[in-house]
Amino acid sequence: MWRVAITIAGLDSGGGAGIHADVKTFAAMGVHGATALTCVTAQNTYEVREVQCLSPAMVRAQILAVWDDMGIDAGKTGMLGTGEIIEEVAATVEKLGFPLVVDPVMVAKSGAPLISDDAVDVLKKRLLPVAKVATPNRPEAERLTGMSIASERDAERAAEYIHREYGTEVVIVKGGHLPGGEAVDVVYYRGAVHKFSTPRLDSRATHGTGCAYSAAIAAGLAKGLDPLEAVKTAKQFIYTAIKYGVARGKGHWAVNPTAWVEIPAERWRAVEELEAALKLVRRNAERLAKAIPEVQSNLGYVIDPRYARDTGDVAAVPGRIVNYMGEARPSGPPTFGASSHVARKILALASRDPRARSAMNIRYDPELVERAKALGFKIAVVDRRREPEEVKKREGGTMQWVVEEALRQTGGVAPDLIVDLGDWGKEPQITVVGKTPAEVVEKVLKILS
Ligand SMILES: Nc1ncnc2c1ncn2[C@@H]1O[C@H](COP(=O)(O)OP(=O)(O)O)[C@@H](O)[C@H]1O
Ligand SMILES: Cc1ncc(COP(=O)(O)O)c(N)n1
């Protein structure tokens, strides 16, 4: 059954925080996202330029329009702007009675206030009492409690205080702004303290973290999860969203809620495409056997370079593609992390030319190079004997160097072939490059024909 979650929040024109972050999160979490817009901000990753809020009646009208039609399984609030809007939202939610997560947004990451001073009082007295969950960060919790928070113990006390003073059932004091190697969120729920933590990421992508996190909790509640289960998933979700943030802009980059679904989808797609290419290998096993070098071949395919970090993100053939009695044969099904050499070459290629996501190493033969030339393929020839000593010593440095040499010759665009002339004890090889593994295998077949 489709669950409906609503975000009652502001619009960030940069698309990083506010309702953009929330609706992306709802979609990634598999609930239908509805919105009640409170204020429009002219904002980017480094500043808030203008703010204009809607009337409280218009905010209420949006919530009711959704409620009267589909119903609402859970909601969250973000930027509320004014005391009047908070008043109206509190009254409306109280009447309708759906579970509400309140992210008591006060100041943007870039430093601009997102709520008027007098409104903080209304938030405490009117909204927190109707909220099921509250998710203050450290400065917000300090402002709500008047306490100073410097440790997890302080965060526990603040969470309990907020529950006792304002009646919010679940209070989460977030650890994004506390020091330490772990980002620890302290949860007060039914008389006990629970902690949820992940490693702290050294990341520039923290714009919209609070928004996406509270939206993820609301999505969990909409699906009927227990609050602690909802927080547990939301914590993993926000870790991924920060790790794979949107690397664009001059300020605090936006979190990436979509990573949660995009990465698994990318991995699945990579395996599917590699499997299809291996079928092509099996269909042309005899012809391809002639291309297998002493070290055997591998065919690799990296997930979307925005998400690729290491060889674990490159799918390849475990045990390589071998020449078995005159037939090219993949030794195993496509697996992530199954290649080292080809995978590192692909990572280096894709980081420079994101279209070059697949490659296969084949036997070096001057005749094959001539044939590729005649076919009009773009070819780079790399002489490894010119590789500087310090690069040779660096683990994995050689593949990077070979690729950089090749791209230097082709003006930064990946060639079809990288011819590596080898070195003492290193067999010369040809690396065939392409957008997809099927394209790579087709290029190899053309060169062999
Ligand atoms: N650098 C980080 N590494 C890992 N998790 C983080 C980091 N910064 C924040 N978080 C987590 O992201 C969520 C949002 O936290 P926080 O940044 O404190 O909120 P806000 O955006 O309201 O300031 C919390 O779960 C917090 O622990
Ligand atoms: C419309 C809107 N809502 C919320 C935030 C808070 O997000 P952050 O603290 O990450 O800047 C924001 N900057 N803009």
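Predicted model: local features only at pLDDT ≥ 70, side-chain atom pairs only at ≥ 80, totals over all residues.
Reader: How should I read a helix, and which residues of helix 4 are buried?

Author: Begin with the general idea that an α-helix has 3.6 residues a turn, so residues three or four places apart point the same way. In this structure, helix 4 covers residues 117-127, and its buried residues are Ala119, Val122, Leu123 and Leu127. Seen down the axis of helix 4, these buried residues fall within an arc of 105°, so they line one face of the helix.

Reader: Which residues are exposed on the other side of helix 4, and what do its buried residues pack against?

Author: On that other side, Asp117, Asp118 and Asp121 are exposed, whereas the buried residues of helix 4 pack against helix 3, residues 83-96, and against strand 5, residues 100-102.

Reader: Which residues come nearest to ligand 2, and which elements give two or more residues to the shell around it?

Author: There are 19 residues around ligand 2, and of these Gly10, Ala17, Gly18, Ala108 and Lys109 come nearest. Two or more residues of the shell are given by each of strand 1 (4-12), strand 2 (32-43) and helix 7 (209-222), and strand 1 supplies the largest share, four residues.

Reader: Which domains does the assignment give for the chain?

Author: The domain assignment gives domain 1, residues 4-257, and domain 2, residues 262-448, and the centres of domain 1 and domain 2, taken over C-alpha atoms, are separated by 46 Å.

Terms used. Residues numbered from 1 in each chain as written. Chains lettered and ligands numbered in written order. Buried ≥ 20, exposed ≤ 12 C-beta atoms within 10 Å, placed from the backbone. Arc of directions from axis to C-beta. Contact = placed C-beta atoms within 7 Å. Near = placed C-beta within 6 Å. Domains from an automatic or database assignment.
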